[in-house]
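Please walk me through this protein chain. Start with the whole, then settle on a single residue and its surroundings.

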Amino acid sequence: MASLINPPTGSSSLSLSLSLLTSLLQFLLLSPSTTTAQSTFCRTFCGDIPIHYPFGIDDGCGSPYYRNILVCHPNSTTLELRTPSGRYPVRRIRYDDPHIVVSDPFMWSCRDGNRFRPSRPFSLDTSTHFTLSSKNDYLFFNCNPDSVIVEPRTSFCDRNPDRCDSACDSASYLCRNIPECPSALGQRTSCCSYYPKATESLRLMLERCASYASVYWKVVGAVPPYDQVPEYGIRIDFEIPVTTRCLQCQDTRKGGGTCGFDTETQGFLCLCDGRNVTSYCADRSISQHRSSVGVIAGTTTAVSIGAIAVGAVIWYLKKVKQNKVVTCGVQNNENRLF
């Protein structure tokens, strides 16, 4: 029996096919992408220590030069510095006079007295923008006199000017005035001050001495020469990379964003509320980083699947053209759309 449904004409088939193709591509392009960009959430404190550029404790925040250097676990108030020799609690960060102060749990402290625990040498990654501050002084205790030159520095330098840097100064001010506990060391404990110029030097000293303590000179703002006081800890100086794009990003007149970077390419990003851009937050002339990543990923997928869809539609149109005339209005399986 002939069908009562009129066979589709060539123009109606083409219109229907184009409509289906358009709907399919719109669905693919507008579907949410599984690719995500860097989160715009950057914590600004770990405990009571402020976290500002160039540092970040969330990946993608700050400068990529200091990526994964500082560690602050969620719900934690302890900030740690990661180095090749271990993790060290951070006591202070100053940005006006760029430096970090860390404490070494393995070094000697006043409560140890004449008991010396095994120490390990502190080291920094030479590829980072960190340097050990020249304001550090290192005190070494009970060094082997057969391996270490333990003498008053002044007299030794007068006798051996070419070897002046080799002596561990037994007459240093800090050895005669141990900070916070002047009487903690007994008479049988020797003390000398030496500034190792490299990690290897510190390691060799610790192999020949019972323990060590690091003391840095803290600026307190008093009248010289009382403007600095000794305090236990290791001062580490750092550089703040200054770029035009970061300054524009931070400018409150241009949106007041946070400087960050793409976690995959490490390219610069300005982190704004709910979006990431490559210039500054108030710049509306460019697309958002999050949107562009999604569109690029979505387009790649859509083009792949869309190409298949286009091919299927072309194949169908050829079939329709070949079977344009349908006898008695009957649709067979070759020209049926569904």
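The overall picture comes first, then one residue.

This is a predicted model: local features need pLDDT of at least 70, side-chain atom pairs count only at pLDDT 80 or more, and totals for chains, interfaces and linings use all residues. Residues are numbered from 1 along each chain as its sequence is written, and side-chain values use heavy atoms, with hydrogens and water left out.

The chain has 17 strands and six helices. Both are DSSP runs numbered from the N terminus: helices are H or I with at least four residues, strands are E with at least two. Of the 338 residues in the chain, 38% are buried. Buried means under 20% relative accessible area, with a 1.4 Å probe and protein chains only. The accessible surface of the chain is about 19700 Å² (Shrake-Rupley method, 1.4 Å probe). Carbon and sulfur atoms hold 55% of that surface. Take the contacts (heavy atoms within 4.5 Å) between residues at least 6 apart in sequence: 60% of them join residues at least 24 apart.

Now turn to Asn-136. It lies in strand β8, which covers residues 136-141. Is Asn-136 buried or exposed? Asn-136 is buried, because its relative accessible area is 0%.

Which residues does Asn-136 touch, leaving out those up to four places away in sequence? They are Tyr-195, Ser-214, Val-215, Tyr-216, Gly-233, Ile-234 and Arg-235. Tyr-195 sits 59 residues from Asn-136 along the chain, yet their C-alpha atoms are separated by 7.7 Å.

The side chain of Asn-136 also meets backbone oxygens. That of Arg-235 is at 2.9 Å. The backbone oxygen of Ser-133 lies 3.2 Å from a polar atom of the Asn-136 side chain.

Definitions and conventions: Buried < 20%, exposed > 50% of the residue type's maximum accessible area, 1.4 Å probe, protein only. Polar contact = N/O pair within 3.5 Å; in protein donor to acceptor, adjacent residues only side chain to side chain.
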